Amino acid sequence: MTKATSSIKLMIHRFGIIPAMIVTLLVVMVAGTAIGAVYVPFFDTLRIILKNIGLLPNSTFIEGQEPIIFLVRFPRVLVAALAGTALAASGTVMQGMFRNPMADPGLLGISSGAGLGAVLVIKLGLAAVSIFFMPLFAFAGAFLAIFIVYMLSYRKGKVPVLTLILSGIAISTFLGALTNIVLTLSYDYQVKEFLFWSTGGLDGRRWEHVQLVFLPIIISVALMFVFSRDLNVLLMGEEEAKSVGLNAGRTRTILLILISIATASAVCVSGAISFVGLIVPHIMRLIVGPNHKILLPTSAIGGAIFLVVCDLISRVVVIPFELGVGIITALLGAPYFLYLLLRSKKEGGMVL
Amino acid sequence: MNTDNIIEIHNLSFEINDNKILKNISLSVKTGEFVGLIGPNGAGKTTLLKCINGINKTDGEIKVKDRSIQELSDKNLATEVSLMHQNTAISFPFPAIEIVLMGRYPYLKRLQRESKEDYSIAKKNMEYTDTSKLENCPITEMSGGERQRVLFAKTLTQETEVILLDEPTASLDITYQEQIFKYSKERSSQGITIIAAIHDLKIAARYCTRLVLMNEGEIVADGSPEEVLTSENLSRVYGINALVYRNRITDLLDIYIHKHNSQKKSEKIHVLGGGGSASGVLRQLYEQGYNISAGVFSHGDSDIGSAEVFGIEHLVEKPFSEISDQRNNENIAFIKNSDMVILCNMPFGNQNLRNLEAARYAKKLVIIEDDSPETRDFTEGKAVEIYNQLKKSAVAVINSAQLHEVL
């Protein structure tokens, strides 16, 4: 373990971790596009993508490959990458601002808030009016949820993490119940539509979905990078932050809005995907350390890699069926979460 | 308004849940002063520091360099005033240099990177606090002393004219306890104003140019260490019996805290001592509340210091002279008046031989003998002869550890 870690560290030192991760991301994205029920060779896939984004204008391919690659698989992979970036970056920010490595957007009611927003859109038939209602409502639900959770846990300028997580669970459950009430009153086809959304599947994601969330995710994550230094200072504690001139309350509010935008965007195109925001920042923290200037970008890229790979696994493990990608992330994430809990228990319970 | 004052506080009150932590505090601090805030736990020292730093929002007026801190932005205030907190818990493994660089936060714009100058300021302060070697060491792997010195370097890197320290050495080993105060003293002599909440009164007296004694949210004394650290002030505020004196060995203010027996005893005891032999005896008798007298000491004897600290009536003879008739008579008068006389484990020479002779007049004589009298006799046997006679009439011959048994 330590030998592996040190050799990874050496590699990072030599090549720079961010370029290395970008290359890795591009490779897994092409691989994710190439592999499927119909296999298209890796370099053909790459050339199809390049042709369609205007970089290789004079190539020809076997009939039928181009639409499969560029209209079906590639947007799906892009959605996975964007959602992964959003979730992992949000998780990193959340852990930093709450000074706790167990914080995750999913634990704090964001996903269930977004879920309630989504089910309302379906119930009211707004999804058919415009595809923009879904993200808007999901965002509103997510922000409302995290706002309530935050206010419930806020005491005398401090946010005790245990209170935060417990109120997150309570609010999640409550919003889940509201969602179920709406579902009970819905028609079968609406329930199916919601279920499809909520299992965290990337099946059938098209370019519209990419267009829908591309800007909100890229912008909110980019703005999170701007707060790297503030996050580092926040890790020292609220009063320490005030001593060097950082207004912790205001910074947290801005960051909560950014997290809500990024997470809600991710959730509205990918459904409820858990644990990405928890384990990716953890792994990156082990590799690059706690400094957000490097941790945040690497986690963002790492999240994209992780979700693209998980999506790929979800498509190939039980061909011709497909598992929801949320199932894969949960299968990988839950044991890791437990491992961390047990380890922190052994080390004296620093985590909670 | 006096422009010499870098900090001006007027009628500052602060409460948490209707619980008044600070009551009408007014305080002015001059540039370059090293002010020690002292007082029992819960006196409001930390709260006051946090008010000056803007962490605690108050209605009272706090001015730094003639500008109210409410008018200053968070970052602007952080370039004027820095605060080193007590027990900063950092559970993420930042290397020391990153921590120290956080002191540059108020000077950097959002997207600005730390410049070479920022790095050189940070490194200079790490060198100053002897933490250069720890530059890349994670803060989570440091000892308490190392961590505090790194945090102090961070505070210095903030380059403020006012530095607030909240119990900077509360959890440190004795080796490191005074280091931060030494650094602070140096800074204050360079014109930096320092206000520190300090638990240890002796350290406060040693390093601070001015002490502010707080109790239950109020300032009860303010002035030089000698003015503030008086037996009366300490006894009142801490609810203990304290004696403050200048330690003759270190020439520093020292504090003696004792469990004073509130009931004064009417019994009178006279102590014959000298050469430092009486100090411990006088202290024990004082604690028990006896009516004490002592003598005859030779001028410059350390026993005189003890007698002065405890406010004991005592007789002193001129330096290097034999006890005069006058002193001898006074001594005998004291002895005759006393219910008990204690003869301490003192050396005998021709100068103080009359002390021994006077012991004959004791109604009740207790002799303390830690060392055999022969080794203490510098009168070629004269003293031992008298001493052995006295031993026969003494009600007890004990060593000093047994003193409480005869009282």
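Guide: A word on terms to begin with. Helices here are DSSP runs of H or I, at least four residues, numbered from the N terminus. Keep in mind that this is a predicted model.

Visitor: Fine. Which helix holds Ser270(A)?

Guide: Ser270(A) is found in helix H13 of chain A, residues 248–270.

Visitor: Is Ser270(A) buried or exposed?

Guide: Its relative accessibility is 1%, so Ser270(A) counts as buried. The cut-off for buried is under 20%.

Visitor: What does the side chain of Ser270(A) reach?

Guide: The backbone oxygen of Ala266(A), at 2.6 Å.

Visitor: Switching to H3 of chain A. Which of its residues are buried?

Guide: Thr45(A), Ile48(A) and Ile49(A), in a helix that runs over residues 42–52. They sit on the same side of H3(A), because they cover an arc of only 95 degrees around the axis.

Visitor: And what do those buried residues pack against?

Guide: Helix H2 (17–34) and helix H4 (65–97) of chain A. Just after H3(A) comes Gly54(A), with a positive phi of about 90 degrees.

Visitor: Now the interface. How many residues of chain A are in contact with chain B?

Guide: 26 residues of chain A, against 36 residues of chain B. The two chains bury about 2700 Å² between them, and 56% of that is on carbon and sulfur atoms. Arg229(A), Met236(A) and Lys242(A) supply 25% of the area that chain A buries against chain B, more than any other three residues.

Visitor: How many salt bridges between chain A and chain B?

Guide: Six. One of them pairs the side chains of Lys242(A) and Asp74(B), at 3.3 Å from N to O. On the chain A side, helix H11 (228–234) and helix H12 (238–243) are the elements that give two or more residues. That side divides into ten nonpolar, seven polar and nine charged residues.

Visitor: What does Lys293(A) meet in a salt bridge?

Guide: Glu114(B), at 3.1 Å from N to O. Lys293(A) lies in helix H15 of chain A and Glu114(B) in the loop between H3 and H4 of chain B, so the pair joins two chains. Lys293(A) counts as partly exposed at 34% relative accessibility. Glu114(B) counts as buried at 17%.

Visitor: Let's stay with chain B. Which residue does Glu159(B) bridge to?

Guide: Arg104(B), with the closest N and O atoms 3.5 Å apart. This pair links distant parts of the chain, 55 residues apart. Glu159(B) is partly exposed, with a relative accessible area of 38%. Arg104(B) is buried, at 5%.

Visitor: How far apart along the helix are Glu287(B) and Arg283(B)?

Guide: Four residues, about one turn of helix H11 of chain B. Glu287(B) is buried, with a relative accessible area of 13%. Arg283(B) is partly exposed, at 31%. Elsewhere, salt bridges that share partners join Arg104(B), Asp118(B), Lys124(B) and Glu159(B) into one network.

Visitor: Last one. What follows H11(B)?

Guide: Gly289(B), whose phi is positive, near 85 degrees. Gly289(B) is found in the loop between helix H11 (279–288) and strand E14 (291–298). With a relative accessible area of 1%, Gly289(B) is buried. The C-alpha atoms of Gly289(B) and Ser266(B) are separated by 8.6 Å, though the two are 23 residues apart along the chain.

Notes. Residues are numbered from 1 along each chain as its sequence is written. Chains are lettered from A and ligands numbered from 1 in the order in which they are written. This is a predicted model: local features need pLDDT of at least 70, side-chain atom pairs count only at pLDDT 80 or more; totals for chains, interfaces and linings use all residues. Side-chain values use heavy atoms; hydrogens and water are left out. Buried means under 20% relative accessible area, exposed over 50%, partly exposed in between (1.4 Å probe, protein chains only). The arc is that of the directions from the helix axis to the C-beta atoms. Contact means heavy atoms within 4.5 Å. Buried area is the accessible area (1.4 Å probe) that two parts lose on being put together, summed over both. A salt bridge is a side-chain nitrogen of Lys or Arg within 4 Å of a carboxyl oxygen of Asp or Glu. Ala, Val, Leu, Ile, Met, Phe, Trp, Tyr, Cys and Pro count as nonpolar, Asp, Glu, Lys and Arg as charged, and the others, Gly among them, as polar. A polar contact is a pair of N or O atoms within 3.5 Å; within protein, one must be able to donate a hydrogen and the other to accept it, and residues adjacent in sequence count only if both atoms are side-chain atoms.
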